[in-house]
Amino acid sequence: MQARGLAAAGLIADCHASLQRAESAFAEAAPAPTEWLSPFDRTSFDIESARCLLRLGDVTAALRILNGNVAERPGGRVRSQALARMLLATALVGQARIEEACDLTHQTVELTHGLGSAVVLDQLRHLALLLRSHAVRCPDVPQLLDRLRDAIRERRWVALPLPTA
């Protein structure tokens, strides 16, 4: 999380140093499993690292992490896989690989059907914003934007405030 804050501040060297320290700490620590919380596993770590790298504008390094994460660790925790896939789609858009980003986003919408996660919902919104500017040049985008709009509308309940007594 420190690296994420440093990335948001644009402190490139500090962010990379923080990621290196986190990588070392992650490799050493193996916390006891708990039934209450999902573990901060390798997928979670890779997602956070890629998020920092994308924030710093290092799309190539983020792609390297995410390609391995999505390709090598299918299945498992749906939310983590969805976040990894959406970050990968974001990186693909950053490299103007729009068709690939569209295919991956379609897969992710299917994967997350029925998943109640505000973070996933925010990422779907973010992808819709990124893809919107490509709607004229790429024929796959308008259909995907319609699908994203429907998926976001269906999941709107996730972001609603809890009723008060």
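Of the 165 residues in the protein chain, 41% count as buried. Keep in mind that this is a predicted model. The protein chain has eight helices and zero strands. Read from the N terminus, the elements run α-α-α-α-α-α-α-α. Contacts also reach along the sequence. Among those in the protein chain between residues at least 6 apart, 62% join residues at least 24 apart.

Helix H5 covers residues 78–94, and helix H6 covers residues 98–111. They pack at an angle of about 165 degrees, and their axes are 8 Å apart. Angles over 145 degrees count as roughly antiparallel, so H5 is roughly antiparallel to H6. The crossing of H5 and H6 is left-handed. Which residues make the contact? From H5 come Val-78, Gln-81, Ala-82, Arg-85, Met-86, Leu-88, Ala-89, Leu-92 and Val-93. From H6 come Ile-98, Glu-100, Ala-101, Leu-104, Thr-105, Gln-107, Thr-108 and Leu-111. By class, the residues of this contact of H5 with H6 are 11 nonpolar, four polar and two charged.

Now turn to the loop between H5 and H6, where Ala-96 lies. Most residues other than glycine have a negative phi. Ala-96 has a positive one, near 60 degrees, and it is not a glycine. Is Ala-96 buried or exposed? Ala-96 is exposed, with a relative accessible area of 56%.

Move on to a second pair. Helix H7 spans 118–132, and helix H8 spans 140–154. H7 and H8 pack at an angle of about 155 degrees, with 10 Å between their axes. That angle is over the 145 degree cut-off, and H7 and H8 are therefore roughly antiparallel to each other. Their crossing is left-handed. On the H7 side, the contact uses Leu-121, Leu-124, Arg-125, Ala-128, Leu-131 and Arg-132. On the H8 side, it uses Val-141, Leu-144, Leu-145, Leu-148 and Ile-152. The residues of the contact of H7 with H8 divide into nine nonpolar, no polar and two charged.

His-134 sits in the loop between H7 and H8. It counts as buried, at 14% relative accessibility. What does His-134 touch, leaving aside its neighbours within four places in sequence? The answer is Val-93, Ile-98 and Val-141. Val-93 and Ile-98 also belong to the contact between H5 and H6. Val-141 belongs to the contact of H7 with H8. His-134 and Ile-98 are 36 residues apart in sequence, yet their C-alpha atoms are 7.7 Å apart in space.

Finish with the cysteines. How many disulfides does a search of the whole structure find? It finds zero. A disulfide needs two cysteine sulfur atoms within 2.5 Å. For Cys-52, the closest cysteine sulfur is in Cys-15, at 4.4 Å, so the gap is too far for a bond. Cys-52 counts as buried, at 2% relative accessibility. For Cys-138, the closest cysteine sulfur is in Cys-102, at 4.8 Å, and that too is too far for a bond. Cys-138 counts as buried as well, at 3% relative accessibility.

Technical notes: Residues are numbered from 1 along each chain as its sequence is written. This is a predicted model: local features need pLDDT of at least 70, side-chain atom pairs count only at pLDDT 80 or more; totals for chains, interfaces and linings use all residues. Side-chain values use heavy atoms; hydrogens and water are left out. Axes are lines fitted to C-alpha atoms, for helices over the stretch in contact, and angles run from 0 to 180 degrees between N-to-C directions. Helices (H or I, at least four residues) and strands (E, at least two) are DSSP runs, numbered from the N terminus. Angles under 35 degrees count as roughly parallel, over 145 as roughly antiparallel, 65 to 115 as roughly perpendicular and the rest as oblique. A crossing is left-handed if the near helix is turned anticlockwise from the far one by less than a right angle, and right-handed if clockwise. Contact means heavy atoms within 4.5 Å. Ala, Val, Leu, Ile, Met, Phe, Trp, Tyr, Cys and Pro count as nonpolar, Asp, Glu, Lys and Arg as charged, and the others, Gly among them, as polar. Buried means under 20% relative accessible area, exposed over 50%, partly exposed in between (1.4 Å probe, protein chains only).
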